Amino acid sequence: MKFLQALKEAVSSISSNRTRSFLTILGIVIGVGAVISLMAIGEGAQQTITRQIESIGTNVIYVMGGNMSQDVTNPRPLTLLDVKALENRNRAPNIEAVSPVLNANSSVKYGGESENTNIVGSNTAYQKIMNLEIAEGTFYSDTEVSSGASVAVIGPELAQRLIGRSSNVVGTSLRINGQPFRVIGVTVAKGGSQFNNPDLNVYMPITAMQMRVQRGDSADRVQFIIVQARSSESMSAAISETSAIMRASHRLSPRQPNDFTITKQEDFLSIANSITSVLTIFLSGIAAISLLVGGIGIMNIMLVSVSERTQEIGLRKALGARKADIKLQFLTESAMLSMIGGVLGIGLGWLLSSAVGIIAARAGTQLVPVIGVGSVLLATLFSAAIGIFFGLYPASRAANLEPVEALRHE
Amino acid sequence: MIDALKREPVIRVRNLKKVYRMGDVEVHALRGIDLEVQPGETVAIMGPSGSGKSTLMNMIGCLDSPTSGEYYLDGQLVSDLEDDELAVVRNKKIGFVFQNYNLLPRANAQQNVELPLRYSSDRSSLRERSAAALEKVGLGDRMNHKPKELSGGQQQRVAIARAIVNLPSIILADEPTGNLDSKSGQEIMDLLLNLNARNGTTLVIVTHDPGVAAQTQRIIRLKDGLVQAEEGAL
Ligand SMILES: Nc1ncnc2c1ncn2[C@@H]1O[C@H](COP(=O)(O)OP(=O)(O)OP(=O)(O)O)[C@@H](O)[C@H]1O
Ligand SMILES: [Mg+2]
């Protein structure tokens, strides 16, 4: 049981000089802590973004103006006429619902309170496509959309901030961009990030928005159009129908490229995922460099330790220790140091990422850091490997000491 | 010569030379030593400082290899063995006692005595064997003491227990009483001679003290890396 023996000796050596051992492994602790917490936060962010994108609704197709992969001369802006065309059931049997969307920031006032917030203009189908649940009152009707009625559905947090309560607010009158609007509904609280919090939104008929909030812009402008397919199986059919109808509506000749872009929800998901994972890998890579620095710190202290213990090594050799015995002893010690650093680093990473999660929650962003078994395992193995790699040189220095020279060393 | 003494000597050294090179300077520490030591013999090596006593002890103890010459230990030619083979020879056949005791400060008496057993091929009943060795040197009640909790004489006795725990053929002691007062020094000598008498372990001692040397069967005097005289040979 030579290995067990080496383990015991390593424990005794490490614990005989706790302060130094701790300082030695500090680099590893910080490195592993940084890698673990960054990976956890990255994974948490990915899950949050995925959840937000998925909450938008399923089987949704986005139509945006302009072509993102090709130059198009004079792209036509999206209009309510395009929406009308897409709503034609005969030409688009695979499309379930269509809504135009217009986004803008505007002031919303109630009494002395004022908030600058995100205004969404849409038609009635928007509620269904985006899974928007109403806690109180109703969403606006088709009639209200076609007449451009001054009605609004607001998020509960906005109601709280302006009116001081999040229920019993239907019938209240608000001033949006200086124009009077009547609150007809409040959405169910969803929670969200500071920058994209649906609970602070105002929803209104797109016609009302075009007339009263976006004044000055060309009257029937639409930012993008959301289209819901009948089912996930009919997605591709719905996309080709959308494309054909849009081309016809924009009067494009067969040789002209699209002057609009069609995207699926999954496309956003995969873009978001690839952005967060590239960021995570990049940041973890930087953190991993501190692991290397930590490894060099271990090598440094192990070299000091070898020269301090030269006489001990000479004695062990005199008593019959072979090179491999000495090597094993010092390698075990550096691997153990590094692994202790790794375990403490996992703890530190957990603390750091929990702290970030708490801070994010305070700031209104749902971010639950995820420390996976994989990253814990990886950190442990990696730190042990660092200990062994950076322990090799000091250990073989120790193993190759001449017994006489070592014994004579003071 | 008596017939019994013609059996294989435990140490047989032929024309042993050791040259240290320090830059351009060559130091001839041993210049052709011939030496035989019979099993069970007690031998003292004396001589002025720098005469090569420690160098010779390192050769006999297989801690260092000679520049030239032959060394047979228990009939085995060891002067040209590899490092790891020498480690095994040291572990099995030789017990070292140093002037400065050389105990591991972190380990207690028993763990210090166990150390040679841990490097040996037979690692069974370490505790029992180390306890028995400590009993033999009269420290059965100090097993859990750290070196700094023991007197100089007691530390040297722990070192002797460590030297005998693997039942070696030879004990090599380089000035074992050098750091001790005359009373503790004599106790150490009594112990070493007693172990020799009881177990027949060959004893080779380097000493500057004529009183210590006089208690051995034979005195070898070195000068300038050569054997100058032998006294009290059998
Ligand atoms: N590693 C070495 N390198 C160079 N020269 C050495 C080395 N070891 C010993 N010597 C030289 O070899 C000679 C014999 O040294 P050694 O240590 O054997 O003397 P010694 O008889 O034990 O002396 P002392 O009684 O002082 O212990 C001395 O001249 C010494 O300087
Ligand atoms: Mg000497």
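## Strand pairing in chain A

Two strands are counted as paired if DSSP finds at least two bridges between them. In this predicted model, strand 1 (residues 60-65) of chain A is joined by 5 bridges to strand 9 (residues 224-229) of chain A, and the two run antiparallel. Strand 1 of chain A is also joined by 5 bridges to strand 10 (residues 260-264) of chain A, again in an antiparallel arrangement.

Met64(A) takes part in both pairings, with Phe224(A) as its bridge partner in strand 9 of chain A and Thr261(A) as its bridge partner in strand 10 of chain A.

## The open sheet of chain B

In chain B, 6 strands form an open sheet with mixed pairing, in the order 6-7-8-3-9-10. Strand 6 (94-97) and strand 10 (226-231) of chain B stand at the edges with a single partner strand each, so one side of each has no neighbour in the sheet. From one strand to the next, the twist averages 20 degrees.

Strand 9 (residues 218-223) of chain B runs antiparallel to strand 10 of chain B and is joined to it by 5 bridges, with Arg221(B) standing opposite Ala229(B). Helix 2 (residues 83-93) of chain B lies across strand 6 and strand 7 (170-174) of chain B, running at about 80 degrees to strand 6.

## Nonpolar cores

The largest nonpolar core has 66 residues, of which Ile11(B), Leu56(B), Tyr71(B) and Leu73(B) touch the most other members. Beyond its neighbours within four places in sequence, Tyr71(B) is in contact with residues including Ile11(B), Val13(B), Met59(B), Cys62(B) and Ile170(B). A second, separate core of 42 residues includes Ala104(A), Ala159(A), Val169(A) and Met235(A).

Key. Residues are numbered from 1 along each chain as its sequence is written. Chains are lettered from A and ligands numbered from 1 in the order in which they are written. This is a predicted model: local features need pLDDT of at least 70, side-chain atom pairs count only at pLDDT 80 or more; totals for chains, interfaces and linings use all residues. Side-chain values use heavy atoms; hydrogens and water are left out. A nonpolar core is a set of buried Ala, Val, Leu, Ile, Met, Phe, Trp, Tyr and Cys residues joined through side-chain atoms within 4.5 Å. Buried means under 20% relative accessible area, exposed over 50%, partly exposed in between (1.4 Å probe, protein chains only). Contact means heavy atoms within 4.5 Å. Helices (H or I, at least four residues) and strands (E, at least two) are DSSP runs, numbered from the N terminus. Axes are lines fitted to C-alpha atoms, for helices over the stretch in contact, and angles run from 0 to 180 degrees between N-to-C directions.
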